[in-house]
Every structure is written in C-alpha cells, then in structure tokens.
Amino acid sequence: MSSVKLDRRQFLKMLGVGGAGTALAGCDLPTTITLEEGKEEVVSYLLPEEYVIPGVGVYFASTCTQCNAGCGIHGRVREGRVLKIEGNPDSPVNTGKTCMMGQAGVQTHFNPDRITAPMMRKSGRLQTVTWDEATAELNKHVGAQSNLNGGRFAWVTGSVSGHQSVLINELMAQLGSTNHYAHEVVNASVWSAVCQDMLGDAMPRLRIDKAGTILSLGADFLGTWISPVHFAREYAKFRSPAKRGVLVQVETKMTLTGGNADLWVPARAGTEGILALGIANFMVDRGWNKVEIPAAVRAELAEYKIEKVAELTGVAGSKIQRIASLLSERAPGLVLAGAPVESSEQGYASVSAAMLLNIIIGAVGTTIEPATRFSEKALQAKAGDTKSLLAFAKGLQEKRFDVVFISGANPVYTAPDALKLVDGFESVPFKVVFSQFPDETTQKADLVLPMYSAMEDWATHVPAYQTDGAVLSVQQPLMEPLYKDTKGFGDVVIALLKQRSKNYEQFPDYYAYLQTAMMNLPEAVTGPKPVKKEFWNGLLQKGLMVTKGDRATLSAKLSVPVFAHAAHHEGGHDDFMLVPSARMGMFDGRHANVPWIQEAPDQITKVVWDSWAELHPEAAAKLGVANGDLIRIASEHGSIETQVFIHKGIRPDVIGVPLGQGHEEYGRYAKGRGANPLKILNPVLEQKTGELAMYATKVKVSKTRKTVKLVKMGGSDTQAGRQFVLTVSADKLRRTEGEG
Amino acid sequence: MRFKIGCMNISSARNQSTQRAGSGLAFWRGWVALMAFAAFVTVSFSARAELPVPAHIKPPVGTHQGEKVPQPIEFPHNIHVKINKINCMYCHTYARRSNVAGIPPTSKCYGCHKVIATDKPRIVKLMEYWEKGESPRWKKVHDVPDFVHFSHQKHIKRFVFDADFPVEDVQQVCGLCHGELREMTVAEKKKPLNMGFCQRCHKANGGPGDCWKCHK
C-alpha cells in the first residue's frame, strides 16, 4: 500500500488532470498490455476441412441436456471450440429459443471442476487411477466373469430416453435386475398420473396459445414446469395484443409465472384443489359448464359452496366468482397444476380437481389436445420422480444391493435426511458413479467414471412432452473432448454389454451403435429413407427428426375427488409451511456450479450467489427479523440457517427457501454456499401416488443473533416517488379515456 | 468505391478517363508511362527499394522496432515473396474471409514442398512435423489486445477489392501494417499496431471513428 493518503475529492481531481493528458498520449503507448511479441503461440491446422475458416464460426446441431425438455440447439464452433449456444429453429420444442440454463451449457462444459480421470477408493480415499485399472475393477464386480447376483444390482438415473434408455434396459436385462430408479426432484409425475387416469393419456399437449384464460394452480410453466421454453413461446402468443389472454396464478409463494400473472391468488397451502372445486361448483350452478354434468357429480360438487371454499382457502368469495367468470367469458380456459399442488399430501386429489374443472369448462379437446407419441416405444422417455428415490432409499435400508450404478442423478444431495439414504448408500459394497463433477454422490463412490460433457458425447433424446409431431433429437459432440481421460456414457455401457452379448461385438463404440440403430429404425417411424447413410447425415445436419408418431385419444372421466381432510395449515407465531421452490436457472441444484447461473438474480427476489428465506412482512414483524438476519428453520428432521428476505409475494404462513444451494461438494462455485431445504423435509407422502410430498413440511423458525448483508441486484422494491415507471389505475384510465 | 483523399487511385482515374475526350486519355497514358519508368529507375538504382504506397491510401504513421522472434522453423518470407513472387493471400488465405489472416495450414506447405526444395534443412524439419501429424508451434508476432476487434476481411475489402486495387500487388496494402515482409525471413513487428497508429489511419482515410467499432 502507498503511504500517500488521498481523499475521494483529491483522487477525482487527480484523475481529471492526469486523465486529460494521458487520454491522447495513451493511444501511442506500446501494446504490451496483453501482447508481447513471441510470447503466445499460434498453431495452424494440419489439414483443415474445407469449410473451416479461422475466426469464422461453424454451427452444429445438437440437443440441450440442461433440463429434460429436450430443446434443439445449435452450437457455434470456432477453431474447434464451442463458444455459444443458440436454439435450433427446426425444433418444435423450442422453435429456435433457449433459456438461461441452455445458454449456460458452455460453462457446464468448460467448468474447471470437471473430473478429468477415473477415481477409485483405496484405503478409504478416492484416488486417481488409469482407465485400465478402473475397467478391471468394474469388470470384477459387474463383468461377465463376476459373480454378481442381478437382483442385487440397482441403477439410479435421472429422466432417460432415446438409446441411452435402451442400453440401460439392455444391461439391466442382461444382469437380471429390475431395480432401475429414475429420479428427478423437479417433475410432473402427479400431473401425469392424473392425466393418465382422467384423460387416458399421461402427457397431453397443453395449448397455452389457444387459451383465453389460464388458471394455473402453482404451475411455474414459464420457469421449471415440464417444457418451459416451449410454454414461454406459447405464452407469448397467448399474450399477443390481439388476444390478450388472462393468467390467474394460485400459489403460496410467487414464482416467475406468478410474477407475470394478471391475478395472483395466494390460497392456503394444500387447498388449491378445493378452490378448483369451488370454482367448478359455481360455474355448474350458473350453467356455465360446457359438458353435461351427471346429477351425482352435481351433488358432490354442491358440497363446495362458495362461502365454505372461501373460508377453507382464504380466497375471498368475490375473487372465486371472478375467476369463474373469466374462465367462462374469456373461453377457452385451461387449468394447470404444478409442483406445490402436485407435491402436497393430497396432491393427486388436488390435481384431479383441476382436471375436473378442465373437463367442465370444455378444455379437453380444445386447449388440452391428445399427445403425439414417438412410435418406437423403447425410445420413449422414462420420466423421473421422487417415488423412485423413496424406493431406492428403502432398498438401501434393507441392504438389498451389492452393486449400485448412479448416472445423471445426485441422490446424496437431493434425498431428505429423514430417508437416511446416505448411511444406506455408504454400506453398499460397490458403488459406481458416472459423473462429470465431484458432487456429493461422487464423493461417496467406490469408483468414479469421468464422463464426457453433453457437448462432447453422443446421445438421442425423445422429449416426454411432445408438441407438433413426435421429435427425436440427436445430441452430437460440438467439439473434441477437453480431457483425454474422460469417456462417453454409451461407450462404457456398450463395453459392459459386449461381455455378455455377441449382438454388440460389431460396435467399436456408442457412435457406431447409434448410427446403426438410427439407420435401422423402421420406415414406419422415420418415413422413407432410400439411402440410409444420407438419412443419417441429414439427421446430424438438422439435429432432429420430427415424425408423425402415434396420436393418442383423450377421454374425459368426470369424477369429483375426495379430500380426506381439508389440509390447510394454520400458521402460528413461529410455525410455517416450508416451500422448497425450484426456479428457472438453479433448477434442482444441478446448475449451482455454473457461475452464470449463480450470478443471474432470482427472478422475484433478485438475490444472487446465495440462499434466502422468503417471509411476508407480517411474518417478519412477528418474528422480529429484518432483511439479512440469519434465521434457523427447523423441521422434525433437521435445520438449516439462511438469511431473511422480506417481500409481499408470499403468504404470511409459509416460508420459501429456494432449491439448489447448500452443496457440500460440487466444485468451487457451489460448495459451501447457502442451504439445501431438501435436507430437512419430512418424509410425508402424497397419499395416492406415493410420491414425496415436498410441500408438506411444517417448520419452526427462530432468530439467531447473526446478520449478513443480503446481496441482491436492484436496490428497493418501490420507486420512492421518482416515477421511473409511470402508472395509472385502470379506473382512472376508464374515467379519463387515457387523457388525464 | 471512392475515398475522401487528395489523390485519386490510378484504376478509378482510368475508368473516368475512358469516358472523356481523347486528349485527356493521352495525358493519363503518358503520365502512367512516366511513373512506370520512374518506378523502374528507382528499383534499379536503389539497393533496397521501399515498398510503394498505394495511391488511394494515406499510410498510417508510426514505426516500431520489434525483435526477431525465434520460430520453430526460420520461415523465409523473402524467398517466398521477393524471389518467387507468391502473393500474401495465397498462403494467408483467410485474410479476405475472416477477422484473422491465419497461419497457413501445414498441408499447404506440404502441397508445394513435397516436390520443391526437399533437401533443404528447413524443409526436412517441416516434413518431420508433417510425418508426425503436427503443426509447428509458431510464436505470435502481430496481434492486438483481446479488447480490440480487428478484421482483416474489412480492411482487404475496402483497400483492395472495393478500390479495384490489383490483387497481385496486395503486399503493398498488407505492408502498411506488417512492414516489408519481402525483406525478412521470419516476421518482425515493424509497426506499433497501437491505438494511435490505427486512429491516425482511420482519420486520414475516412475509417470509422466510433469507439465501439473496435472496442465491442
């Protein structure tokens, strides 16, 4: 440090005087700032492809794997490196658009914390080994010569589809195991179950663009629900000036979708289904129903009188009437139900109520259309859920597994402590983790196999949610692998399959398998392909194929769900319902190691690089806490500490803690940052489907004596009279016709 | 394309003169012949002729004395350019297509040298690289900082193609920023390539003056 003391004024003066002189002279200073002659190397191509021009980007088509929506992408590649991701306009899923997670894909790929070589547990510690050693160890436990009892083998994955799904199933069949657990924290499995039971199709197409009014019960369809980029595109059409659809969002904590809503309704947690039935009853009463309602259903619905529903849900009767009027007047309507509703104790019943309302307002057939399925069943998506996590944890506790494979999932991070998954996992004799990053699960493994990134590996993806036609999207490498000691997922699985089956001997690697498998798909699926090689080349050029697929048919089963009890939560002084909300960006925590995602402010609170606990001003006043105060949030199964963020977009009886932070491992950007609310969830089940009811944990909140600085973008929530954004009330506008 | 500069370049003058009366044409023909003779005299009588500056360009002012950077192979620009008269853009083919001029791919060197001068030590070394399937790791000599967006393509377009400047003489344009490569073996930095150097030339030749044109 210099001993010269300058105050701010002197410093600025000096800058002013010195700056004028240096501004001109500076132009002629030698350019040694980044460059010294002969210090950097420049290596030419040996034998470049004709289309390669240094400095000019070439675009290759591939598929985004940042979530499971299956968006088509174009990667800009320059000098052999992928630099930028754009949407593939040919993909009906995202029609040329991407979200922030997709954009951040390059940082997942170039992440400095990638695992670059296999690791094996030796004397209690993970140590770097060669692939030969790793393969020998793998074969010893899982190879054809091993004495593995297939029934004692389990494989945990995320959502899988395409040929990876085929290979996983093949290997499971070879080993004689049925223990495949596809696990996702952010899922729509209860919605799917209800759609299957009431409409006869698990993933019908939702025509947000066609709707006049959308009633969304907690479905954050612009952020995390099912296929957010696709829905955002449809939403833009829904909101086009000519049409100006109306969005009503019912949720306890404001999400990105809630922030966009015309009417934001904070109903009591767990009563959203009852609200839907109240609206249904009111509409049927007025004769606004679009389908014939049997007397029995009418009678059941009649239970849900507006006064009673208002009392149970905490939503004013007038508001319920208004929503019903909107659904009727600005038809066609569409009712959606997302995570907070699906993942509550009576989630199935609540979603059923939403679906019943859909049927009554005539949405089925207008705004809910039959889905198109990809015709090759083996390639269809197997969507992950939380039921599988519970089943896996149970299997671990019962010590039913000798060998466990984990790929595309991080159960040690996502499993609530109450499931005691970690202890059980540690006691499995041989645990293999296929991973790109040193995450929590990887650290507990016996063998870590470093994987190619999604931009280095081959794969095919069939989205669970299909739009126009049935899509199969190809993931092709956008550049050579960064690290020579990483491998492709398919390559490792093919090597294992070869040991037991001659069918795979012809394939030197996954690429060869994929190419053959795609070229041999029946023409009934792909359409005519007179020259198979041309079909393959065309596929890579376009990045996907849109097939006719199979069209499902929708039925509509009118039945009124029964609510075992009016599950609503009366908030006490320090008693809150925990809302562990997912958001676009951080998602379920898989993107916490991506700096661009960490620094992108939360859409509602604008907080960056940390966790927070959202509290309503009333709740904060009761607790006596202010922004930045650290509070302890304790459930029956543990506690977390995080900073308070006060705002009005949340019910006073709930506390919102976002998912994604609180990693104990997972690289320099994620480790030791914030808190993980999943850890303290009570193991409450959704009553019908057996999914984990993530939105049903009651917590006690207490003050600590610590305060931190809440780091967020944007200073205050009000304009403090500065009139940056001029507004006028609708009433005034009407009276003055916009002149006043 | 015309430039806001005092003297007109010869090719556009020729175009104009063909549309005029015969006397003008005769004057220009005579003038061109005179200049050609003068050039011949200059080349013949000076030991080392300066690279002529194209008439349509006001050259950037500034010099720099760079060090001779040792390269994996002492590539002789002089033999290629001065003796064999190979055009700059034959090897640096990306200059007119991209931001960077590019080091020629090793396959390009191999294309000629599989039959030419195969016994020379530098070529033997080159062939060793080719056999190994590697390119030499050249040391960078000319570069601008990462916060400067410079495009070879735009400069070549403006000063060569749009100006109808004969492509065979392109080294006169390249030389404005890269010096007389025809007199060097490996490249040496002879111009400062700093902001003042760029800016003066932009000002003199009517190039863009907005900060964000280069700093984007």
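A:Lys399 counts as exposed because 12 C-beta neighbours lie inside 10 Å; a residue is exposed with 12 or fewer other C-beta atoms within 10 Å of its own, buried with 20 or more and partly exposed in between, the C-beta atoms being placed from the backbone. This is a predicted model, in which local features need pLDDT of at least 70 and side-chain atom pairs count only at pLDDT 80 or more, while totals for chains, interfaces and linings use all residues. Residues are numbered from 1 along each chain as its sequence is written, and chains are lettered from A and ligands numbered from 1 in the order in which they are written.

A:Lys399 is not a glycine, yet its phi is positive, near 55°. The residue sits in the loop between α15 (387–397) and β16 (403–407) of chain A; helices (H or I, at least four residues) and strands (E, at least two) are DSSP runs numbered from the N terminus. A:Trp609, also not a glycine, has a positive phi of about 55°. Its place is the loop between α23 (595–599) and β24 (613–615) of chain A. A:Trp609 counts as partly exposed because it has 15 C-beta neighbours inside 10 Å.

Another loop of chain A, between α12 (317–329) and β13 (333–337), holds A:Pro332. The peptide bond joining A:Ala331 and A:Pro332 is cis, with omega about -5°.

Next comes a pair of helices. In chain A, α20 (residues 510–519) packs against α22 (residues 532–542) at an angle of about 115°, and their axes are 9 Å apart. That angle makes α20(A) roughly perpendicular to α22(A), a term that covers 65 to 115 degrees. From α20(A), A:Gln515, A:Met518 and A:Met519 meet A:Lys532, A:Phe535, A:Trp536 and A:Leu539 of α22(A); residues are in contact if their C-beta atoms, placed from the backbone, lie within 7 Å. By class, this contact of α20(A) with α22(A) has five nonpolar, one polar and one charged residues.

The last topic is where the chains touch. Chain B gives 33 residues to the contact and chain A gives 23 residues. On the side of chain B that touches chain A, the elements that give two or more residues are α5 (106–113), β1 (137–139) and α9 (195–205) of chain B. Strand β1 (residues 41–43) of chain A runs antiparallel to β1(B), and three bridges join them. Within β1(B), B:Arg137 is the bridge partner of A:Val43.

Terms used: Axes fitted to C-alpha atoms, helices over the stretch in contact; angles between N-to-C directions. Parallel < 35°, antiparallel > 145°, perpendicular 65-115°, else oblique. Contact = placed C-beta atoms within 7 Å. Nonpolar A, V, L, I, M, F, W, Y, C, P; charged D, E, K, R; others polar. Pairing = 2+ DSSP bridges.
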